Every structure is written in structure tokens, then in C-alpha cells.
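Look over the structure first, then read on.

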Amino acid sequence: MLKGIFISLEGVDGSGKTSLKKELLCRLDAFHPLGLREPGGTPISEKIRNLLLDTANEDMQARTEAFLYAAARCQLVETVIRPALQEGKMIIADRYIDSTLAYQGYGRGLPLDFLQQLNQLSTGGLKPDLTLLLDVDPAEGARRRAKDTPDRLEKAGLLFQERVRQGYLQIAREEPQRIRILDAHKPLGTVVGDALREIQQLLTKKGWNQPGS
Ligand code: TMP
């Protein structure tokens, strides 16, 4: 039985997940939350991240990509996420299994049942207690990261990101209990408030009203 709380943040590139994660880590400081990112979060997973995002790897096949994301996730789940949840910690992860369905499934066009099996194999079926989906128009996402050098996935273009966005919305419709959609066109402060309200409901449900309880 895992005692901790697992929250994941999802959305297209430029949806503001990383800024939201930073704010949540600050605002929930009393719970000593552990912030993670995917792919990444362990030395091996960070090396796999470099392979995945390197623009030199233009010929990477969609299934190779899916297996690499799964490998990075497997290492993170086994060495960080599961042990932390067993110790009763709170985890806030920037991306998790829904990214694979949205990007490699709806974005790249790989079969969803293959990706669901892959997610199951790489995580042992571990799902977040709550997933906050930051929904934003990909064109707005692109404007927000206009100053950054695009990585391999970001170079896939706006039509790709639009498929990913629609994929996320479909995934959220299928799991409304776990996945809550936040309107990420709103200013960050409003999105943070919306996210904290969802998290508070989860904390109440889990009897976590006091830090450490
Ligand atoms: P990040 O920029 O949000 O850190 O994520 C890196 C990129 O990897 C981002 O474009 C989304 C993509 N990605 C997938 O395509 N599949 C996955 O399973 C994950 C975790 C990320």
C-alpha cells in the first residue's frame, strides 16, 4: 500500500507546467513535496532525455521513441517514485504516462493499446492520484517559448501539438475522476489557484489536511 500522494502535470509544450510546478512546490512547502520531471529525474533517465530531445536524432523511429520514454520512466518509478510513495511523500511530476498516450499515440499515431501496455509495463500500473491537464492553444504555447531553442519534439510543429492537445482532452474525458482540466490561457496566478483547489480536494479525501498527517 502506497501512503504518499502522487500528482502529475500534463499539457502541450508551452502550457506552463514547469512554472506551475515551481509555484506548487513553493505553496505546498509544508508537505515537503518532491518535484520531478519526465523524461528525467534519475542519472539514467536524464541521459535518455538527452537522447530523446537531441535535434541530431532526426531519424529516431516512433516506436524507438516510445520505448526510450518508457525506459526513462521505468527507472524513475523503480528508484524514486515508488520508494517515495512508500515513505508517504508527496510527489509533483512534470509529465507522466499521459504524455506517452498524447505524444506517441495521438501525436505520432502509434496504436493506443500498444502504448497502454507499454505504460503498464514501465510503471507496474502505478497511476497518479491526480493529474492536472493544462489546456492551451498550441499557438499560444509556441508564443510563450518563442525565445527558447526548440528541442526535437518541439520541432514537430503546430499540427503535431494540436493532435497532442486533442489527445489529452480525449484522455481526460475517459478518466474524469483522475484528470482535471485547467484553462492555461489564464494568468499563472489564476492557474495556480485553480490547481491548489483541486489539490486541496485530494488532500481532504486522503485525510491529509495537516502537513505530515
Ligand atoms: P518537457 O519539455 O516538458 O520536459 O518534455 C520533453 C518533451 O518530451 C516534450 O516535448 C514532451 C515529450 N514527451 C513525450 O513525447 N512522451 C513522453 O512520454 C514524455 C514524458 C514526454
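The peptide bond that runs from Glu-38 to Pro-39 is cis. Its omega is near -10°. Keep in mind throughout that this is a predicted model.

Which phi value does His-32 have? It is near 50°, positive in a residue other than glycine. His-32 lies in the loop between α1 and β2. His-32 is exposed, because its relative accessible area of 63% is over the 50% mark.

Arg-95 also has a positive phi in a residue other than glycine, near 85°. Its place is in the loop between β3 and α4. Is Arg-95 buried or exposed? Arg-95 counts as buried, since its relative accessibility is 10% and the limit for that label is under 20%.

## Aromatic pairs

How many aromatic pairs does a search of the whole structure find? The search finds five. A pair of rings is described by the distance of the centres and the angle of the planes. For Phe-6 and Tyr-96, the centres are 4.9 Å apart and the planes stand at 70°. The pair is therefore edge-to-face, as planes over 60 degrees apart take that label.

This pair links distant parts of the chain. Phe-6 is in strand β1 (residues 5-10). Tyr-96 is in the loop between β3 (90-94) and α4 (97-107). The two residues are 90 apart in the chain. Phe-6 is buried, with a relative accessible area of 1%. Tyr-96 is buried as well, at 0% relative accessibility.

The charged end of Arg-73 sits over the ring of Tyr-96, 5.7 Å from the ring centre. Elsewhere, ring pairs join Tyr-103, Phe-160 and Tyr-168 into a cluster.

## Nonpolar cores

The largest nonpolar core holds 48 residues. Which of them touch the most other members? They are Leu-20, Leu-24, Leu-28, Leu-132 and Ile-199. Helix α8 (residues 188-206) gives the most to this core, with seven residues.

Ile-199 shows how contacts reach across the sequence. Neighbours within four places aside, Ile-199 is in contact with Ile-7, Leu-24, Leu-28, Leu-130 and Leu-132. There is also a second, separate core of 13 residues. Among its members are Leu-76, Val-80, Ile-81 and Ile-91.

## The largest pocket

The largest pocket has a volume of about 770 Å³. Its lining is made up of 35 residues. Which of these lie nearest the centre? They are Asp-13, Lys-17, Thr-18, Arg-95 and Glu-154. Arg-95 is the residue with phi near 85°.

α1 (17-27), α2 (43-53), α3 (62-86), α4 and α8 each supply at least two residues. α4 gives the most, with four.

## Asp-98 in helix α4

Asp-98 has its place in helix α4. Asp-98 is buried, because its relative accessible area is 3%, and under 20% counts as buried. What does Asp-98 touch, leaving aside its neighbours within four places in sequence? Asp-98 is in contact with Glu-10, Thr-131, Tyr-168, Ile-171, Arg-178 and Ile-179. One of these, Tyr-168, also belongs to the ring cluster with Tyr-103 and Phe-160.

How values were computed: Residues numbered from 1 in each chain as written. Predicted model: local features only at pLDDT ≥ 70, side-chain atom pairs only at ≥ 80, totals over all residues. Heavy atoms only, no water. Phe/Tyr/Trp six-rings, centres within 6.5 Å; stacked < 30°, edge-to-face > 60°. Buried < 20%, exposed > 50% of the residue type's maximum accessible area, 1.4 Å probe, protein only. Lys NZ or Arg CZ within 6 Å of the ring centre and 35° of its normal. Core = buried A, V, L, I, M, F, W, Y, C linked by side-chain atoms within 4.5 Å. Contact = heavy atoms within 4.5 Å. 1 Å grid on protein atoms, 1.4 Å probe; cavity = no way out; pocket = protein on both sides within 12 Å on 5 of 7 lines; lining within 4 Å. Points joined across faces, edges and corners; volume = space filled by probe spheres on them.
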